[in-house]
Amino acid sequence: MAHAQPAGRSGSGKDTTARPVSGDGKIVLEQAEIARALTRIGHEIIERTRGARQVILLGIPTRGVPLAARLAAGIHQVEGHPVPHGSLDITMYRDDLRLRPARALGRTQVPPDGIDGQIVVLVDDVLYSGRTVRAALDALNDLGRPRAVQLAVLVDRGHRELPIRPDYVGKNLPTAQHEVVRVLLTEVDGEDAVLLGVAGDATGGRSR
Amino acid sequence: MNRHLISAADLSRDDALRVLDTADELARISDRPIKKLPTLRGRTVVNLFFEDSTRTRISFEAAAKRLSADVINFSAKGSSVAKGESLKDTALTLEAMGADAVVIRHNASGAPHRLAEWVRGSVINAGDGAHEHPTQALLDAFTIRRRFGRSSNGPGPGEPGGAAGQPGRGGTLDGLRVTIVGDILHSRVARSNVILLHTLGAEVLLVAPPTLLPVAVDTWPCSVGYDLDAALPKSDVVMMLRIQLERMNAAFFPSVREYSRRYGLDSARMAQLPERAIVMHPGPMNRGVEIAAGVADSPRSTVVEQVANGVSVRMAVLYLLLGGAEGDQ
């Protein structure tokens, strides 16, 4: 789910001025590239689902949620019909709950008509071990029975620990396991960027 | 959060808000067709009830089951306690069975505190004598927060102004005036509520006959009055307490009828309340004594909501105490 370090580890994550991110790693995707990747994913979703008529986009908090909203807006622009979107919190379904202190819950917000018979596209910022997606599949199971479930991610950094693959990828980013991928989004962090850094501090917890 | 929840004083303002925010999210589960989460799978919650209770025990049981915990119900009647087993031996038995949490109700004040020294799991106080009942205070605060629109359940994504998927922090109870009326002396609900509501920023006023106020009430973080009619127009929330005849070992007031006249909430008194004010009661109600039937069934009354909210709040408490790593702080 959320990215690795506590936000504002060096105070820069919240800085809205340009290029504040040195020290947190190098930029691998800039704002315009993120926008292009999302536009392309939007078109791929339209193509694969033949017009995105029965599609529901569910973002995984925190950063999957604004991504789902952006994808929905993009598809709406192209196809001319609104695409329902929402959020799917997976905290209570995680397999590592007992490894860390109890964490705050995110919000699950599903469009009022439910997900039965629809094509649900899960949206997340980074795909890493695949455990988040597994938890999301379990969470969906308790919400209803979609016709199909697909997965869209902004960044696929590899190192899967489960047999899970994305259907739509913004960027394939080969990484080493000690590296940290951070996605910053305007809605949450005040700017758009994808950063690749090294887990420098021991307190960073599980990187992704 | 502490490992145990024995007193409302165990909760800092942040802890309390965390419980309420978590409960806000969990309350949404009860609108779903499948009202169950796998979070506490494989963990055992023991309901240890030495005193009669319907709603609290059922509420805890429902909360634990919705989180997929295994629930063992233990009531003193028909158990070895009836044969004279001590609390400590009972505790050791539970310990041997591997209880991850013990929800205890006991007629002796302080029993949960003692129990916490003997078991490794979390101890949750579900009411001890006339001492405390912290989850009731939490569900009351939760109900107040919802009724006054301060919970974190704002508009969601796709709705105007929605904070997309961000469950945001709900507000405190700053500035709300809460009047608690009735048998304060025997009420664990009153004590826990005074502490918690004060923590959350509300101004609490106790109204009761002098004989039904505890001796050290002047040390509590609240004010005290004796005139219900004077207090009502200045109250956002009125919480009516049950007269606990079963705990009364002396004559605290001349007659039930006189008590009811001076301290009961009837329709005429309810009309003195400000427009948005709500009427609460922790139950079980003595209709016609501290609260008139017409008041209890009015739209201002939150009695039924309080019961429903109890499950969400207790789920939040169980999740925050048991959901994470063991021994975390």
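Predicted model: local features only at pLDDT ≥ 70, side-chain atom pairs only at ≥ 80, totals over all residues.
**Figure 1. Chain B as a whole.**
Chain B holds 11 helices and 9 strands. Its C-alpha atoms fill a box of roughly 60 × 55 × 35 Å along the principal axes. The radius of gyration is 20 Å, which agrees with the value near 20 Å for a compact globule of 329 residues. Buried residues account for 50% of the 329 residues in chain B. Of the contacts between residues at least 6 apart in sequence, 75% join residues at least 24 apart.

**Figure 2. The open sheet of chain A.**
Strands of a sheet pair through backbone hydrogen bonds, either parallel or antiparallel. Here the pairing is parallel, and the 5 strands of this open sheet in chain A run in the order β3-β2-β4-β5-β6. The edge strands are β3 (85–87) and β6 (168–172) of chain A, and each pairs on one side only. From one strand to the next, the twist averages 25°. β2 of chain A spans residues 55–59 and pairs with β3(A) in the parallel sense over 3 bridges. Within this pair, A:L57 stands opposite A:H85 of β3(A).

**Figure 3. Two helices on the sheet of chain A.**
Strand β2(A), residues 55–59, pairs with β3(A) over 3 bridges. Helix α1 of chain A, residues 31–48, packs on the sheet and touches β2, β4 (119–127), β5 (148–156) and β6 of chain A. The direction of α1 makes about 150° with that of β6(A). Helix α2 of chain A, residues 64–79, lies across β2, β3, β4 and β5 of chain A. Helix α2 runs at about 150° to β2(A).

The peptide bond from A:P61 to A:T62 is cis, with omega near 5°. A:T62 sits in the loop between β2 and α2 of chain A. A:A52 is not a glycine, yet has a positive phi of about 55°. A:A52 belongs to the loop between α1 and β2 of chain A. With 24 C-beta neighbours inside 10 Å, A:A52 counts as buried. A:H159, also a residue other than glycine, has a positive phi near 65°. The loop between β5 and β6 of chain A carries A:H159. A:H159 is partly exposed, with 14 other C-beta atoms within 10 Å.

**Figure 4. The two sides of helix α3 in chain B.**
Helix α3 of chain B covers residues 87–96, and its buried residues are B:T90, B:A91 and B:L94. They cover an arc of only 100° around the axis, so they lie on the same side of α3(B). B:K88 and B:A96 are exposed on the other side of α3(B). The buried residues of α3(B) pack against β1 (44–49), β3 (101–106) and α4 (111–118) of chain B. B:G98 follows α3(B) and has a positive phi, near 75°.

**Figure 5. Helix α5 crossing helix α11 in chain B.**
Two packed helices are described by the angle between their axes and the distance between the axes. Helix α5 (residues 134–147) and helix α11 (residues 303–322) of chain B pack at an angle of about 115°, with axes 8 Å apart. The crossing of α5(B) past α11(B) is right-handed. Residues of α5(B) in the contact include B:T135, B:L138, B:L139 and B:F142. Among the residues they meet in α11(B) are B:N309, B:G310, B:V313 and B:V317.

**Figure 6. Where chain B touches chain A.**
The contact takes 23 residues from chain B and 27 residues from chain A. On the side of chain B that touches chain A, α1 (13–27) and α11 of chain B each supply at least two residues. The largest share of that side, 4 residues, comes from α1(B).

**Figure 7. B:L37 and its surroundings.**
B:L37 lies in the loop between α1 and β1 of chain B. B:L37 is buried, with 22 other C-beta atoms within 10 Å. Leaving aside neighbours within four places in sequence, B:L37 is in contact with A:M92, B:I29, B:R66, B:L67 and B:S68. The C-alpha atoms of B:L37 and B:L17 are separated by 22 Å, and these residues are 20 apart along the chain.

**Figure 8. A cis peptide bond in chain B.**
The peptide bond from B:G283 to B:P284 is cis, with omega near -5°. B:P284 is placed in the loop between β9 (278–280) and α10 (293–296) of chain B.

Notes
Residues numbered from 1 in each chain as written. Chains lettered and ligands numbered in written order. Rg over C-alpha atoms; globule rule 2.2 N^0.38 Å. Buried ≥ 20, exposed ≤ 12 C-beta atoms within 10 Å, placed from the backbone. Contact = placed C-beta atoms within 7 Å. Pairing = 2+ DSSP bridges. Axes fitted to C-alpha atoms, helices over the stretch in contact; angles between N-to-C directions. Arc of directions from axis to C-beta. Left-handed = near helix turned anticlockwise from the far one by under 90°.
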